[in-house]
Amino acid sequence: MASVRITCWFRLAGVILLLSSCASLTVTDTNPLTPGQLAPPGAESLSQGGYRVPGLPPHAEAPDLLVLVAMSGGGKRSSSFGYGALKGMRDTMVPTSSGPVSLLSQLSAISGVSGGSFPAAYYGLYRDASFGKFEKDFLYDDTNAYIFGVYLLPWNWTWMVDPSVGTNDFMARVYDHTMFHGATYNDLLAKGRPLVAIGATDVSYGTPFLFTQEKFDLICADLGSFPVARAVAASNGFPGLFSPVTLTSRTVDCGGRKPGWMGYVTQAERNDPLSRLGRQAISADRYLDPEQTNYLHLVDGGVSDNLALRAASGLILEASAVPGANFFANVRRILVISVDGEGAQDTSAARRKAVGGIFSLLGLVTGNQIDNYNFETLQLLTEQLEKLQDEIGKARCARGPVLNGARCDDVQAKFLHISLSGMPPGPDKEKLLAIPTGLTIARDDVDRLIKAGHDAVTGSVELRTFLAGYPPNSTPRLAGKTRQAARPKPGAEASVAE
């Protein structure tokens with residue numbers, strides 16, 4: 001018992017020292033694009049280069065395979081489950097002409113919101129060195145202690161008197177100190193694929209906002225110099241608990257430039273309330289107009305897109321809007337994996353007269369309401385991928401009957417939903433689903449969630465079946481395991497293997 005008290009005192013002392021050093025923090029804002037970064041007027045992109053998927057070379061081992069992973073919100077429950085899923089992808093092999101390689105090494109992009117942004121950004125920076133370190137740097141750490149320090153330690157009360165400083169600015173400094181160590185998006189750019197797209201919500205418009213150069217183009221800002229920790233803080237800015245992360249728009253410096261895809265959106269599409277491309281163009285117009293948008297106020301990404309899929313689907317929509325665009329020209333296989341750490345829905349308010357305090361109410365609004373409509377996001381992306389598969393096949397066959405040794409119509413797009421709710425029924429599943437959405441959870445729960453995420457990937461029959469078709473007449477293997485050992489229970493879909 002005495003040793004536990006000593007450990008707690010040392011932890012508290014460490015939190016106090018860290019947060020006291022953050023008391024006079026400098027809040028990082030956006031930097032405008034330089035004249036050399038701006039593309040010529042009328043170009044397909046508003047700026048040149050930068051952190052965007054088309055600007056990152058495809059993997060040499062499987063250049064015609066596009067793998068997109070989306071990590072959901074849900075605090076450290078989702079962080080742990082998502083991290084385990086990355087480990088499962090490391091242990092899943094993709095057969096290529098040069099020999100089997102890990103699925104993880106072939107990821108094109110990872111999108112993450114809220115709790116899912118932590119493993120996405122951490123892996124994006126440290127790659128294989130993440131494994132064994134992420135637990136210590138974040139998952140096992142008592143992040144709630146830092147939050148208490150922001151509110152309870154007097155020297156951190158700058159946010160109470162200075163409107164340019166918010167509570168989440170202090171958390172950005174914490175994440176930088178414990179995990180990201182001054183890293184910017186230029187550091188991520190140097191790593192190449194996978195691109196890491198951290199998602200937040202713009203409360204002014206209620207829409208998702210991704211930390212990618214495509215989105216920063218809309219405010220004429222340079223993402224490269226922006227701190228990774230600050231993007232992660234914005235993605236985790238639970239409304240009410242944390243203040244928004246505020247960014248300054250620089251569109252007055254862009255000379256009226258617009259991304260090329262917007263020129264292909266017709267007025268009829270803009271007037272059509274059911275046109276997703278038209279809605280996307282209208283949203284972009286609001287950012288590009290300095291009379292409408294001077295600042296972005298960003299909060300938790302889960303508020304608008306808890307599965308981290310809607311913003312990613314928007315990027316696919318933009319890329320496919322341009323006739324003859326070469327983004328998908330050499331793609332033959334598309335795999336989208338949704339890693340969903342959503343827990344059990346809290347319905348306890350329906351059994352009591354009082355809802356509870358402000359945080360209880362916010363939790364119900366930003367939790368149950370969002371999760372209740374996740375199925376629409378899943379349905380939307382499935383339909384979008386089916387359409388994209390047909391379009392790619394037609395474009396390939398217009399070039400010839402055989403391309404790079406494969407039939408022109410040999411195109412497959414697959415959406416795979418891997419979730420905690422897909423686990424086989426049992427007490428372990430119920431316990432994991434009951435873990436609350438927070439930034440401190442028990443170490444044993446972290447370990448169980450990591451294993452659940454790993455086994456959900458390696459035990460997915462759908463994933464193995466899809467990879468068996470890349471290239472034809474080959475089958476994927478699991479590193480260090482036989483396929484029989486990884487086979488899930490009969491009837492389980494993307495579930496945890498025994």
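Modeller: A contact means heavy atoms within 4.5 Å. This is a predicted model, where local features need pLDDT of at least 70 and side-chain atom pairs count only at pLDDT 80 or more. Residues are numbered from 1 along the chain.

Colleague: What share of the contacts with a separation of 6 or more comes from residues 24 or more positions apart?

Modeller: That share is 78%.

Colleague: How many helices and strands does the chain have?

Modeller: There are 20 helices and twelve strands. Helices are DSSP runs of H or I with at least four residues, and strands are runs of E with at least two, numbered from the N terminus.

Colleague: Why are helix 2 and helix 18 called oblique to each other?

Modeller: Their axes, lines fitted to C-alpha atoms over the stretch in contact, are compared by N-to-C direction on a scale of 0 to 180 degrees. Helix 2 (residues 75-90) and helix 18 (residues 443-458) cross at roughly 40°, with axes within 6 Å. Under 35 degrees is roughly parallel, over 145 roughly antiparallel, 65 to 115 roughly perpendicular, and the rest oblique. Helix 2 and helix 18 are therefore oblique.

Colleague: Which residues meet there?

Modeller: Among them are F81, Y83 and M89 in helix 2, and L449, I450 and V457 in helix 18.

Colleague: What makes helix 3 mostly covered?

Modeller: Buried means under 20% relative accessible area, exposed over 50%, and partly exposed in between, with a 1.4 Å probe and protein chains only. In helix 3 (residues 117-126), nine of the ten residues are buried. They include F118, Y122 and L125. Just after helix 3, R127 has a positive phi of about 50°.

Notes: Heavy atoms only, no water.
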